[in-house]
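Here are my notes on the model, as numbered points. Please read them with the structure open.

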Amino acid sequence: MANAASGIAVHDECKIRFLELKAKRTYRFIVFKIEEKQKQVVVEKVGEPAQSYDEFAASLPANECRYAVYDFDFVTEENCQKSRIFFIAWSPDTSRVRSKMIYASSKDRFKRELDGIQVELQATDPTEMGLDVIRSRAS
């Protein structure tokens, strides 16, 4: 199950939680972390459906890499209620170089495990994934 490029596996809970977010809308967001000692991606935190985007953004550490999935609800100009599932690769400039390399080399394989991602964002600081950016990428 490990990725040949980085040797990082994906814990089953990651896929289960993602399916719950996608199919049942059980969560607003999921934050994933690579456990370097166990060489696998695990679920670090889930956000309840009522939690805001600000609460999601605040759950990403300022100086450590993470993957995250965010279920963004919005209304189109035609007044239609829609939802987009965002995959965010959070890689702040202040994180360790080794960590950035592991997250970068594992990202594509991890993303393939989560079937249903609609928009991908790469962010190195909070402004690159602000609500205005999310809104503009969603439509």
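How many residues lie between β4 and β5 in their hairpin, and which residue in the turn has a positive phi?

1. **Hairpin.** Five residues separate β4 and β5, and N79 in the turn has a positive phi of about 70°. The two strands pair in the antiparallel sense over ten bridges. Pairing here requires that DSSP finds at least two bridges between two strands.

2. **Basis.** This is a predicted model: local features need pLDDT of at least 70, side-chain atom pairs count only at pLDDT 80 or more, and totals for chains, interfaces and linings use all residues. Residues are numbered from 1 along each chain as its sequence is written, and side-chain values use heavy atoms, with hydrogens and water left out.

3. **Fold.** The chain has four helices and six strands. Their order along the sequence is β-α-β-β-α-β-β-α-β-α. Helices (H or I, at least four residues) and strands (E, at least two) are DSSP runs, numbered from the N terminus.

4. **Overall dimensions.** The chain's radius of gyration is 15 Å, close to the 14 Å from the globule rule for 139 residues, so the chain is as compact as a globular protein of that length. That radius is taken over C-alpha atoms, and the rule is 2.2 Å times the number of residues to the power 0.38. Along the principal axes, the C-alpha atoms fill a box of roughly 45 × 30 × 20 Å.

5. Of the 139 residues, 42% are buried (under 20% relative accessible area, with a 1.4 Å probe and protein chains only). Among contacts with a separation of 6 or more, 62% are between residues 24 or more positions apart. A contact means heavy atoms within 4.5 Å.

6. **Parallel neighbour.** β5 also runs parallel to β6 (residues 119–123), joined by five bridges. Here A89 stands opposite Q122 in β6. With α3, these strands make a right-handed β-α-β unit. Right-handed means that, with the strands pointing away from the viewer, the path from the first strand over the helix to the second runs clockwise.

7. **S91.** Where does S91 sit? It is in the loop between β5 (81–90) and α3 (97–113). S91 counts as buried because its relative accessibility is 12%. Leaving out residues up to four places away in sequence, S91 touches C65, K100, Q122, A123 and T124.

8. **Aromatic pairs.** There are eleven aromatic pairs in the structure. Rings of Phe, Tyr and Trp (its six-membered ring) pair if their centres lie within 6.5 Å; planes under 30 degrees apart count as stacked, over 60 as edge-to-face and the rest as tilted. Y53 and Y70 are edge-to-face, because their ring centres are 4.9 Å apart and their planes at 90°. Y53 is in helix α2 (residues 53–58) and Y70 in strand β4 (residues 66–75), so this pair ties together parts 17 residues apart in sequence. Both Y53 and Y70 are buried.

9. Y67 and F110 have ring centres 5.0 Å apart and planes at 20°, so they are stacked. Y67 in strand β4 and F110 in helix α3 are 43 residues apart, and their pair links distant parts of the chain. Y67 and F110 are buried. Ring pairs also join F32, Y67, F87, Y103 and F110 into a cluster.

Note on methods. Buried means under 20% relative accessible area, exposed over 50%, partly exposed in between (1.4 Å probe, protein chains only).
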